[in-house]
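Student: I'd like a close look at just one part of this structure. Could you walk me through the sheet and what packs around it?

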Amino acid sequence: MDSQNIKVYLAISGALIVLLILIIIIPFSSKKTTDYKLPTTNSLPLPTTVQTGSNQVTNNQASNTVPADFTGVAEEELPAQVMDMALQKKDLRQKTPLDLTTFVIDFDYGQDKFTVSFKDPKDQAQKEFESWRTANYPGLNNEQFLLK
């Protein structure tokens, strides 16, 4: 074969390879992001406004709105005793299951109470539990515990 023909074939083959590589690479390198924005509608009242009057608002009429400054909820401080009981209950619930030498404490989420299982001898274990409860969790009353 003629060496000039080989050079032409090599040049055409090289150009085709470069073109093929460009065709493969270009679609993957240029990712176009499309923003699909929904049209906003201003015909509905905002949650922070209250419509006054009994007139129905149409698209051509302006609405009479008043900002709702008061939502009806009164900020109420909990008494210290209730807050203390809730914090003590949360603290003990996070420690459960608590296995001590004479009793085991677990939390029953269905009844929202602590279950206390006594080990033998039960009367001594119950006395130790009562002293432990008054020393560590005085805000929790007997109604919070189910004794077994």
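Tutor: Here is a walk through the sheet, its helices, the core and some salt bridges. This is a predicted model, in which local features need pLDDT of at least 70 and side-chain atom pairs count only at pLDDT 80 or more, while totals for chains, interfaces and linings use all residues. Residues are numbered from 1 along each chain as its sequence is written, and side-chain values use heavy atoms, leaving out hydrogens and water.

Let's start with the sheet. It is open, with four strands in the order E3-E4-E5-E6 and mixed pairing. Strands here are DSSP runs of E with at least two residues, helices are runs of H or I with at least four, and both are numbered from the N terminus. Two strands pair if DSSP finds at least two bridges between them. At the edges sit E3 and E6 (145–147), each pairing on one side only. E5 and E6 pair in the parallel sense, over three bridges, and phenylalanine 114 stands opposite phenylalanine 145 in E6.

Now for the helices. H2 (residues 80–95) lies across E3, E4, E5 and E6, at about 50° to E5. H3 also lies across E3, E4, E5 and E6, and runs at about 65° to E4. Those axes are lines fitted to C-alpha atoms, for helices over the stretch in contact (heavy atoms within 4.5 Å), and the angles run from 0 to 180 degrees between N-to-C directions.

Next, the largest nonpolar core: buried Ala, Val, Leu, Ile, Met, Phe, Trp, Tyr and Cys residues joined through side-chain atoms within 4.5 Å. This core has 14 residues, and Leu92, Ile105, Phe129 and Trp132 touch the most other members. E4 (103–108), E5 (113–118) and H3 (122–136) each give two or more residues to it. Setting aside neighbours within four places in sequence, phenylalanine 129 is in contact with Phe103, Ile105, Val116, Phe118, Phe145 and Leu147.

Finally, the salt bridges (a side-chain nitrogen of Lys or Arg within 4 Å of a carboxyl oxygen of Asp or Glu). There are four by this rule. One of them joins aspartate 112 and lysine 89, at 2.9 Å from N to O. Aspartate 112 is in the loop between E4 and E5, and lysine 89 is in H2, 23 residues apart. Lysine 89 is buried at 11% relative accessible area, whereas aspartate 112 is partly exposed at 39%; buried means under 20%, exposed over 50% and partly exposed in between (1.4 Å probe, protein chains only).
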